[in-house]
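I opened my notebook to look through this structure a piece at a time. Have it beside you as you read along.

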Amino acid sequence: MASSNIVLTNKNELTYTSDAVKGDGYYGFADGLHTMSFHVSNFTGRIHLEATIVEQPTENDWFPIDLDNLTPYLQFTAETVTKGSSFEGNFVYLRVKVDRAYLGAGSYDKALHGVIDKVVVLI
């Protein structure tokens, strides 16, 4: 049976990483299919997805999962949208990174950078 979990909600920071959430490899599912939805409001920045197959991962155990055909991340410029992405792999854990370092801002400003309402994974 499929289940969904909220992976990430907004933080008043330019760049941050979510806590790890269980992927389908944790549950022993055979299909490896994951679907994620990204709900953003006036959001400017990049969203990266990372996974691991290690049960007690260190920082070096995480690797990127491509969310777009052209780049390994989703990039938004002042967008309010819900975007979905599906991918396959028997991952033990998943996490999401928000990156705004490339914007050159010194601090987070909700009016300029917007918010991530939520990121949801369906396994």
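Two strands pair if DSSP finds at least two bridges between them. Strands are DSSP runs of E with at least two residues, numbered from the N terminus.

**Ground rules.** I noted that this is a predicted model, so local features need pLDDT of at least 70 and side-chain atom pairs count only at pLDDT 80 or more, while totals for chains, interfaces and linings use all residues. Residues are numbered from 1 along each chain as its sequence is written, and side-chain values use heavy atoms, with hydrogens and water left out.

**Entry 1: the partners of S7.** I started with strand S3 (residues 21-22), which pairs with S7 in the antiparallel sense over 2 bridges. Within that pairing I found Val21, whose bridge partner in S7 is Leu94. Next I looked up strand S2 (residues 16-17), which is also antiparallel to S7 and has 2 bridges to it. Here Thr17 stands opposite Lys97. Then came strand S4 (residues 33-52), joined to S7 by 7 bridges, again antiparallel. I marked Thr52, which stands opposite Tyr93 of S7.

Why is strand S7 largely enclosed by the rest of the structure? I checked its residues, 93-99: 6 of the 7 are buried, so the strand is largely enclosed. For the record, buried means under 20% relative accessible area, exposed means over 50%, and partly exposed is in between (1.4 Å probe, protein chains only).

**Entry 2: the partners of S8.** Strand S1 (residues 4-8) runs antiparallel to strand S8 (residues 115-122), and I noted 4 bridges between them. Asn5 stands opposite Val121 there. S4 turned up again, with 7 bridges joining it to S8 in the antiparallel sense. On that side, His39 has Lys118 as its bridge partner.

**Entry 3: two positive phi values.** Which residue of strand S4 did I stop at? It was Asn42, which is not a glycine and has a positive phi near 50 degrees. Asn42 is partly exposed, at 32% relative accessible area. I also stopped at Ala78 in strand S6 (residues 73-88). Ala78 is not a glycine either, and its phi is positive at about 50 degrees. Its relative accessible area is 46%, which makes Ala78 partly exposed.

**Entry 4: rings.** I looked for aromatic pairs, meaning rings of Phe, Tyr and Trp (its six-membered ring) with centres within 6.5 Å; planes under 30 degrees apart count as stacked, over 60 as edge-to-face and the rest as tilted. The structure holds 3 such pairs. One of them is Phe87 with Phe91, a tilted pair at 6.2 Å centre to centre and 40 degrees between the planes. Phe87 is buried at 7% relative accessibility, and Phe91 is buried at 8%. Ring pairs link these two and Phe63 into a cluster.

I also found Arg46 over the face of Tyr102, 3.7 Å from the ring centre. (A charge sits over a ring if NZ of Lys or CZ of Arg is within 6 Å of the ring centre and within 35 degrees of the ring normal.)

**Entry 5: His34.** Is His34 buried or exposed? I read 0% relative accessibility, so His34 counts as buried. This residue lies in strand S4. With contact meaning heavy atoms within 4.5 Å, and leaving out residues up to four places away in sequence, His34 touches several residues, including Phe87, Phe91, Leu94 and Val121.
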